Amino acid sequence: MQMIEAVVSRDQAPVVEFRGEGGECITVTLQADQTLTDDELVAKAKVMMVQVAQFGRDQTERRSHN
């Protein structure tokens, strides 16, 4: 996904929506301190996405080598 923009909203919980070309979208809901800046929320959401991308990767790699 080629990201075009990140939009932060603050209703009940901070939400960062990463918008991409062609209408693609990834939404991350955070339980973060409401005093974080938008930039800090976006950075925290990016870290969470990296962690999710790595989730289960070791197990998948082990299966492919067996």
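The side chains of Glu5 and Arg19 form a salt bridge, with N and O 3.3 Å apart; the term covers a side-chain nitrogen of Lys or Arg within 4 Å of a carboxyl oxygen of Asp or Glu. This pair links distant parts of the chain, with Glu5 in strand β1 and Arg19 in strand β2, 14 residues apart. The model is a predicted one, in which local features need pLDDT of at least 70 and side-chain atom pairs count only at pLDDT 80 or more, while totals for chains, interfaces and linings use all residues. Residues are numbered from 1 along each chain as its sequence is written, and side-chain values use heavy atoms, with hydrogens and water left out.

The protein has two helices and three strands, and from the N terminus on its elements run β-β-β-α-α. Helices (H or I, at least four residues) and strands (E, at least two) are DSSP runs, numbered from the N terminus. The strands make an open sheet in the order β1-β2-β3, with antiparallel pairing; two strands pair if DSSP finds at least two bridges between them. Because β1 (3-10) and β3 (25-29) each have a single partner strand, they stand at the edges, and one side of each is left without a neighbour in the sheet. From one strand to the next, the twist averages 15°. Five bridges join β2 to the antiparallel β3, and Glu17 has Thr27 in β3 as its bridge partner.

Helix α1 packs on this sheet, touching β1, β2 and β3, and its direction makes about 70° with that of β2. A contact here means heavy atoms within 4.5 Å. Axes are lines fitted to C-alpha atoms, for helices over the stretch in contact, and angles run from 0 to 180 degrees between N-to-C directions.

The largest nonpolar core consists of seven residues: Val16, Phe18, Val28, Leu30, Leu41, Val42 and Ala45. Such a core is a set of buried Ala, Val, Leu, Ile, Met, Phe, Trp, Tyr and Cys residues joined through side-chain atoms within 4.5 Å. Both β2 (14-20) and α1 (38-54) supply at least two residues of this core, and α1 gives the most, with three residues.

Ala45 lies in helix α1. Not counting residues up to four places away in sequence, Ala45 touches Val16, Phe18, Val28 and Leu30. Its relative accessible area is 0%, so Ala45 is buried; the classes are buried under 20% relative accessible area, exposed over 50% and partly exposed in between (1.4 Å probe, protein chains only). In the protein as a whole, buried residues make up 17% of the 66 residues.

The charged pairs remain. How many salt bridges does a search of the whole structure find? The search finds three. Besides the pair already described, Glu17 forms a salt bridge with Arg19, the closest N and O atoms being 2.4 Å apart, and Glu5, Glu17 and Arg19 are linked in a network. Glu5 is partly exposed at 36% relative accessible area, as are Arg19 at 34% and Glu17 at 23%.

Arg10 forms a salt bridge with Asp38, with 2.7 Å between the closest N and O atoms. This pair joins strand β1, which holds Arg10, to helix α1, which holds Asp38, 28 residues apart. Arg10 counts as partly exposed at 32% relative accessibility, and Asp38 is partly exposed at 38%.
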